[in-house]
Amino acid sequence: MVSVVKQKIRTVVPENGITKLKQFLSHIEELIIRICASSKFTSILYYSLFSKAFWREFHGVIYGKLKYYKNLKQAKNSDYLIRRNIHRLEKGLIMKPRRNVFAKEYIEETVKSYEIAVNGKKGKSLIDCELQWAHDVLKEYFSVVGSDPKIDRARQKFLALESIRSDGKYIPYKRDLNTSLGVSYEQFLQLSWQRRSVRWYEQKPVPRELIDKAVTAAALSPSACNRQPFEFRVFDEPELIQKVASIPMGTKGFSHNFPAIVVVIGNLNAYFNERDRHVIYIDASLASMSFMYALETLGLSSCPINWPDMEPQESKMASLLNLEPDERVIMLISVGYPDPDGMVPYSQKKSLNQIRRYN
């Protein structure tokens, strides 16, 4: 609100009086902040009365919750609950020691969601790997868990469903720790040095199969409860690239030479509770870093582009990409073959002692 007042004052107050007024308004703004920062309640008042900075997030989170509950009733969109609960079952299966009875609090809703997904696949010849994973983990779970009224009901319901042909390989397993990775720390460190934020590219198309390879590697990144609440929206048509690249701040002067650009989107409809609203940023960032490393191994370079949480930019991107309120932009990433003559900033990083502390 104070910033709006400042803008209006510039249009009616003479230049020689603007400086003093700006100082006065800054003092008022600081006073308001001091008062409102004194407690959680007054902070709520500040972001309700004086600032709209979090309004889009408020709407996105509650809209995502609404979609989450709606999606539980739709066969094609029950994925997030299945993914979360099947992963919870996996964690129960690998516990040392493993409890005789576990997961009874959520096993019935898990089987119900699995049933919705199975019914949604009827009439189709192929069963996707996610449903196969759910089937195998549930089958393993019911083969080892003890008896309990809730578990027994869920077991009978699961066994009554149409069986999925599977060799049972989609269950927890022991990693082969004796096989060499083929990548040493020194080689990985070299890759880390090689990956730079590249802003200048050769003007030639980026093969989609290479981008798909990088996304495939990114999908292996860790994700809370394996929900993977993110998408990579890839643009490789020149006109669309320029439209997308012009929206965020910080691309002026070099966005015209992007051969491709990726918008990383987080999906808030993956969550039933506000406590998880930041997970989209964590999970999508983990995947984005893997994506950029993978690009480097494929001869491509990239540049992560900061996304400012500002209403004009948010509105433009939402309109261009047809985003719903629960779909939030995490970052953008330009992609292309690096220009041999292009330079990159040195970007001195912080030392080990500056960023590491033990205990």
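Visitor: Before anything else, what counts as a disulfide here?
Guide: A disulfide is a pair of cysteine sulfur atoms within 2.5 Å. In general, a disulfide is a covalent bond between the sulfur atoms of two cysteines. This is a predicted model, in which local features need pLDDT of at least 70 and side-chain atom pairs count only at pLDDT 80 or more, while totals for chains, interfaces and linings use all residues. Residues are numbered from 1 along each chain as its sequence is written, and side-chain values use heavy atoms, with hydrogens and water left out.

Visitor: OK, how many disulfides does the structure hold?
Guide: The structure holds 0 disulfides. C129, for instance, is in no disulfide, and the nearest cysteine sulfur, which belongs to C225, is 19 Å away.

Visitor: What about C303?
Guide: C303 is buried, its relative accessible area being 3%.

Visitor: Which residues does S334 touch?
Guide: Not counting residues up to four places away in sequence, S334 touches V198, Y201, F258, A260, I261, S301, S302, C303 and I305, where contact means heavy atoms within 4.5 Å. S334 is found in strand β4 (residues 327-336), strands being DSSP runs of E with at least two residues and helices runs of H or I with at least four, numbered from the N terminus. S334 is buried, with a relative accessible area of 0%.

Visitor: How far apart are S334 and S301?
Guide: In sequence they are 33 residues apart, and in space S334 and S301 are 8.2 Å apart, C-alpha to C-alpha.

Visitor: Switching to helices, how do α6 and α8 cross?
Guide: The axes of α6 (residues 107-120) and α8 (residues 149-160) come within 9 Å and cross at roughly 15°; axes are lines fitted to C-alpha atoms, for helices over the stretch in contact, and angles run from 0 to 180 degrees between N-to-C directions. The two helices are therefore roughly parallel to each other, a term for angles under 35 degrees.

Visitor: Which residues make that contact?
Guide: From α6 come I107, E108, V111, K112, Y114 and E115, and from α8 come K150, I151, R153, A154, K157 and F158.

Visitor: And where is Q313?
Guide: Q313 is in helix α13 (residues 311-321), and Q313 is buried, with a relative accessible area of 12%. Leaving aside neighbours within four places in sequence, Q313 is in contact with I247, M249, W307 and P308.

Technical notes: Parallel < 35°, antiparallel > 145°, perpendicular 65-115°, else oblique. Buried < 20%, exposed > 50% of the residue type's maximum accessible area, 1.4 Å probe, protein only.
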